[in-house]
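Keep the picture at hand and look for each residue as it comes up.

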Amino acid sequence: SSLFSFFFFFKQKTAYEISLGLVGSEMCIRDRVSTQSTWGFSEQGGIEMYSNRDKLIKKKEEKATETEDEVAKALFELENAVKPEKQEEIKKIKLLRAQYLIEKETKVLLIVVPYPLLGLVKKNYAGIIQSLETKFKCPVVIVAHRTIMSKYEKRKGSQKRPMSRSLTAVHESYLDDIIFPYDVIGRRLRVKTDGTQIHKIHLKESDRKTIENKLPALALVYRKLTNRIISFEFVKSLVEEKRKKKAKKENKKDGKKEIKREPKKEAPKADEVKSQQEYINFTNLEGLT
């Protein structure tokens with residue numbers, strides 16, 4: 001019996017971690033995988049405990065990487081730093097995975113979130129991206145998790161595959177997520193002689209200053225997700241050109257002085273011409289006499 005009790009205690013101690021927070025004779029035993037936690041201070045003055053499971057969606061057997069733990073911790077810190085109005089929205093944001101993509105001189109942090117939470121991410125996109133980029137010192141891209149279904153996959157009854165699960169739809173939605181909050185004006189496909197395809201994406205000329213330095217990182221993320229090569233070009237949109245033309249016309253009208261023009265004299269009618277000629281002839285006759 002003594003040997004059995006010793007073996008049970010040794011097994012229990014090595015498989016689990018005994019926490020230091022003991023209340024009286026109670027003992028809190030937790031799984032070693034889910035005990036990665038830190039302490040944070042809330043704005044109300046209380047102390048909150050952070051666990052990596054609060055911001056990560058993983059299976060019980062699956063372990064989180066170091067980058068995922070760092071991103072989850074950064075989101076927790078952002079949650080306590082923002083205003084109480086947005087605190088509840090950021091609290092709901094969780095991530096599936098996070099990893100660094102490195103190629104030559106470009107380095108980018110890719111974060112994948114569940115698709116239902118994409119709306120909350122886009123709503124608070126500016127604050128999240130700014131805080132993460134300042135902390136990790138590299139461009140950050142947030143993408144929603146999507147699944148591609150085969151056209152010939154068997155479904156229940158006569159149910160067809162949704163168009164949002166097709167290959168082209170998923171690739172287009174990935175591009176929209178990567179470029180957000182900017183818009184795509186046009187697209188072109190260039191096919192080389194060796195068969196390689198280059199997708200040219202047209203962006204607005206007005207967005208050049210804000211997004212130009214991130215284009216290599218965005219192209220790298222899109223190639224890793226879809227195995228497609230893309231290049232970005234800045235084009236003047238037709239709407240902007242029309243607005244500029246209207247503005248120029250209005251400025252010209254305001255700058256020019258109003259010139260009063262006399263109304264054009266209408267040509268005399270046939271009856272009036274005859275009477276004028278008779279009057280001239282009469283005056284000439286009087287002068288002769």
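## A lysine with two partners

The side chains of K58 and E68 are joined by a polar contact of 3.1 Å. K58 also reaches E62 through its side chain, in a polar contact of 3.5 Å. Keep in mind as you explore that this is a predicted model.

Is K58 buried or exposed? Its relative accessible area is 19%, and residues under 20% count as buried, so K58 is buried.

## The largest nonpolar core

Now turn to the inside of the model. The largest nonpolar core holds 25 residues, and V141, L203 and F232 have the most contacts inside it. Several elements each supply at least two of its residues: β6 (106-113), β7 (140-144), α6 (167-179), β9 (197-204), α8 (215-226) and β10 (229-235). Which of them gives the largest share? That is α8, with 7 residues.

Setting aside neighbours within four places in sequence, F232 is in contact with I179, I201, L203, L215, L218 and A219. There is also a second, separate core, made of 23 residues, and among them are A74, L78, V113 and Y125.

How many aromatic pairs does the model have? The count is 1. The pair is formed by Y125 and F180: the ring centres are 5.1 Å apart and the planes meet at 85 degrees, so the arrangement is edge-to-face. Y125 belongs to helix α5 (residues 125-136), while F180 is in the loop between α6 and β8, so the pair ties together parts that are 55 residues apart in sequence.

Y125 is buried, with a relative accessible area of 12%, and F180 is partly exposed, at 24%.

## Charges over rings

Most residues other than glycine have a negative phi, and most peptide bonds are trans. Against that background, look at the bond between F180 and P181: this peptide bond is cis, with omega about 10 degrees. P181 is in the loop between α6 and β8 (186-191).

In K104 the value is about 55 degrees, and in N227 phi is near 60 degrees. K104 sits in the loop between β5 (97-103) and β6, and N227 in the loop between α8 and β10. Are they buried or exposed? K104 is exposed, at 84% relative accessibility, and N227 is exposed too, with a relative accessible area of 69%.

## A helix and its neighbours

One last stop is helix α3 (residues 84-92), where Q87, E89 and I90 are buried. Which elements do the buried residues of α3 pack against? They pack against α2 (66-81) and α4 (118-123).

Terms used. Residues numbered from 1 in each chain as written. Predicted model: local features only at pLDDT ≥ 70, side-chain atom pairs only at ≥ 80, totals over all residues. Heavy atoms only, no water. Core = buried A, V, L, I, M, F, W, Y, C linked by side-chain atoms within 4.5 Å. Buried < 20%, exposed > 50% of the residue type's maximum accessible area, 1.4 Å probe, protein only. Helix = DSSP H or I, 4+ residues; strand = E, 2+ residues; numbered from the N terminus. Contact = heavy atoms within 4.5 Å. Phe/Tyr/Trp six-rings, centres within 6.5 Å; stacked < 30°, edge-to-face > 60°. Polar contact = N/O pair within 3.5 Å; in protein donor to acceptor, adjacent residues only side chain to side chain.
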